[in-house]
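Subject: Structure for your review

Dear colleague,

Please find the structure below, followed by an account of what was found in it. I would be grateful if you could read the two side by side.

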Amino acid sequence: MEAKKKHTPTYTAEFRERGVRLYREHRSDYTSDNAAYRAVAWKLGCSHDTLRAWCLHAARDAGEL
């Protein structure tokens, strides 16, 4: 019997950019980065770890890290 693979959703570049923008716009509304990641990710329907990775990637690309 073949093992089932876990489905990993594919997100468009526009969706990822929107997530990063929403996180940056609303970060000050929360007491911590983690709280902001969780709240924004929940609204977008993705995991907070995924959103965190997108934000770190965007910061690296912009030369902020």
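Contact, as the word is used throughout this message, means heavy atoms within 4.5 Å. By that criterion, and not counting residues up to four places away in sequence, histidine 48 touches Asn34, Tyr37, Arg38 and Ala41. Histidine 48 lies in helix α3, where helices (H or I, at least four residues) are DSSP runs numbered from the N terminus. With 19% relative accessibility, histidine 48 counts as buried; buried means under 20% relative accessible area, exposed over 50%, and partly exposed in between, with a 1.4 Å probe and protein chains only.

The model is predicted, so local features need pLDDT of at least 70 and side-chain atom pairs count only at pLDDT 80 or more, while totals for chains, interfaces and linings use all residues. Residues are numbered from 1 along each chain as its sequence is written, and side-chain values use heavy atoms, with hydrogens and water left out.

Helix α2 with helix α3

Two packed helices are described by the angle between their axes and the distance between the axes. Helix α2 covers residues 33-44 and helix α3 residues 48-61; they pack at an angle of about 110°, and their axes are 8 Å apart. Axes here are lines fitted to C-alpha atoms, for helices over the stretch in contact, and angles run from 0 to 180 degrees between N-to-C directions. α2 and α3 are therefore roughly perpendicular to each other, given that angles under 35 degrees count as roughly parallel, over 145 as roughly antiparallel, 65 to 115 as roughly perpendicular and the rest as oblique.

Helix α1 with helix α2

The axes of α1 and α2 are 10 Å apart, and these helices pack at an angle of about 140°. α1 and α2 are therefore oblique to each other, and α1 passes α2 in a right-handed crossing. Phe15, Arg18, Gly19, Leu22 and Tyr23 from α1 meet Asp33, Ala36, Tyr37, Val40 and Leu44 from α2. By class, the contact of α1 with α2 has seven nonpolar, one polar and two charged residues.

Leucine 22 lies in helix α1 and, at 19% relative accessibility, counts as buried. Not counting residues up to four places away in sequence, leucine 22 touches Val40 and Leu44. Its C-alpha atom is separated by 6.9 Å from that of valine 40, which is 18 residues apart from leucine 22 along the chain.

Helix α1 with helix α3

The axes of α1 and α3 cross at roughly 90° and come within 9 Å; α1 and α3 are therefore roughly perpendicular to each other. From α1, the residues Phe15, Arg16, Gly19, Val20, Tyr23 and Arg24 meet Leu51, Trp54, Cys55, Ala58 and Ala59 of α3. The contact of α1 with α3 has, by class, eight nonpolar, one polar and two charged residues.

Phenylalanine 15 is found in helix α1 and touches Leu44 and Trp54, not counting residues up to four places away in sequence. Alanine 59, in helix α3, is buried, with a relative accessible area of 10%.

The nonpolar core

A nonpolar core is a set of buried Ala, Val, Leu, Ile, Met, Phe, Trp, Tyr and Cys residues joined through side-chain atoms within 4.5 Å. The largest such core has 13 residues, of which Leu44, Cys46, Leu51, Trp54 and Cys55 touch the most other members. α1 (13-26), α2 and α3 each supply at least two residues of this core, and α2 gives the most, with five residues. Cysteine 46 is in contact with Tyr11, Ala41, Leu51 and Trp54, leaving aside its neighbours within four places in sequence.

Yours sincerely

Terms used. Left-handed = near helix turned anticlockwise from the far one by under 90°. Nonpolar A, V, L, I, M, F, W, Y, C, P; charged D, E, K, R; others polar.
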